[in-house]
Amino acid sequence: VSRWCFGKMTLDELCNHAAQIGYKGIDLLEPKDWPVVRKHGLACPLGSLGGPVTIEKGLNRVENHGPILDALAKGIDLAAEAQVPNLVCFSGNRAGMGDGEGLANCVAGLKRITPLAEKLGVTVCMELLNSKVDHKDYMCDRTPWGAELVRQVGSPRFKLLYDIYHMQIMEGDVI
């Protein structure tokens, strides 16, 4: 279950309901929320960091690397300590940038952070999102671009978060 879908409930309420119906975890929670899910016997399979780690301003721009990589480094440390196995990150919007340049910039940034992720056993996951409806201009919006990113980063601790909803919009009948 993703937290953002249930914004009208407190996290404690959501955890109670999720546990009662057999869910094992709640995704996209920030570090301050990780102890809450554990208190309810649940996990946070995919953590979110907030702050400089945003959908619109991502790793495709070198000028964003400093704050994003700092946040990811801190997040990886926290995630390892809290047994949160995965953290989400984003490419950012194109804003006129070509896909090749954005890919190269993402690779450069991710290669700087994946050694820490490998050392601490946390996987960094870039989410594929649609750029047609929900996230206009988002760069990591097609499977081939994301797969090439994974190939070039070349780390077992960097993966794609393949969101079927978003890829259905971008690529058609994915099922």
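A residue is called buried when its relative accessible area is under 20%, exposed when that area is over 50%, and partly exposed in between. In this predicted model, L160 has a relative accessible area of 24% and is therefore partly exposed. L160 is found in strand 4, which covers residues 158-161. Leaving aside residues up to four places away in sequence, L160 touches M126, L128, G146, A147 and V150. L160 and T143 are separated by 17 residues in sequence, while their C-alpha atoms are 9.0 Å apart in space.

The packing of nonpolar residues was examined next. In soluble globular proteins, nonpolar side chains tend to be buried together. The largest nonpolar core of the model holds 49 residues, of which I26, L110, M126 and L149 touch the most other members. Two or more residues are given to this core by each of helix 1 (11-20), helix 2 (34-39), helix 3, strand 2 (86-89), helix 4, strand 3 (123-127), helix 5 (143-153) and helix 6 (164-171). Among these elements, helix 3 gives the most, with 7 residues. When residues up to four places away in sequence are not counted, L110 touches L59, C89, V124, M126, L149, V153 and F158.

Two helix pairs were then considered. Two packed helices are described by the angle between their axes and the distance between the axes. For helix 3 (residues 62-82) and helix 4 (residues 99-120), the axes come within 10 Å and cross at roughly 15 degrees. Because angles under 35 degrees count as roughly parallel, helix 3 is roughly parallel to helix 4. The crossing of these two helices, helix 3 and helix 4, is right-handed. On the side of helix 3, the residues in contact are V62, H65, L69, L72, A73, I76, D77 and A80, and they meet N105, A108, G109, R112, I113, L116, A117 and L120 in helix 4. The residues of this contact comprise 11 nonpolar, 3 polar and 2 charged.

Helix 4 also packs against helix 5, where the two axes come within 9 Å and cross at roughly 40 degrees. Helix 4 and helix 5 are therefore oblique to each other, and helix 4 passes helix 5 in a right-handed crossing. In this contact, D99, G102, L103, C106, V107, L110, K111 and T114 of helix 4 meet W145, E148, L149, Q152 and V153 of helix 5. By class, the contact of helix 4 with helix 5 has 7 nonpolar, 3 polar and 3 charged residues.

Key: Residues are numbered from 1 along each chain as its sequence is written. This is a predicted model: local features need pLDDT of at least 70, side-chain atom pairs count only at pLDDT 80 or more; totals for chains, interfaces and linings use all residues. Side-chain values use heavy atoms; hydrogens and water are left out. Axes are lines fitted to C-alpha atoms, for helices over the stretch in contact, and angles run from 0 to 180 degrees between N-to-C directions. Helices (H or I, at least four residues) and strands (E, at least two) are DSSP runs, numbered from the N terminus. Angles under 35 degrees count as roughly parallel, over 145 as roughly antiparallel, 65 to 115 as roughly perpendicular and the rest as oblique. A crossing is left-handed if the near helix is turned anticlockwise from the far one by less than a right angle, and right-handed if clockwise. Contact means heavy atoms within 4.5 Å. Ala, Val, Leu, Ile, Met, Phe, Trp, Tyr, Cys and Pro count as nonpolar, Asp, Glu, Lys and Arg as charged, and the others, Gly among them, as polar. A nonpolar core is a set of buried Ala, Val, Leu, Ile, Met, Phe, Trp, Tyr and Cys residues joined through side-chain atoms within 4.5 Å. Buried means under 20% relative accessible area, exposed over 50%, partly exposed in between (1.4 Å probe, protein chains only).
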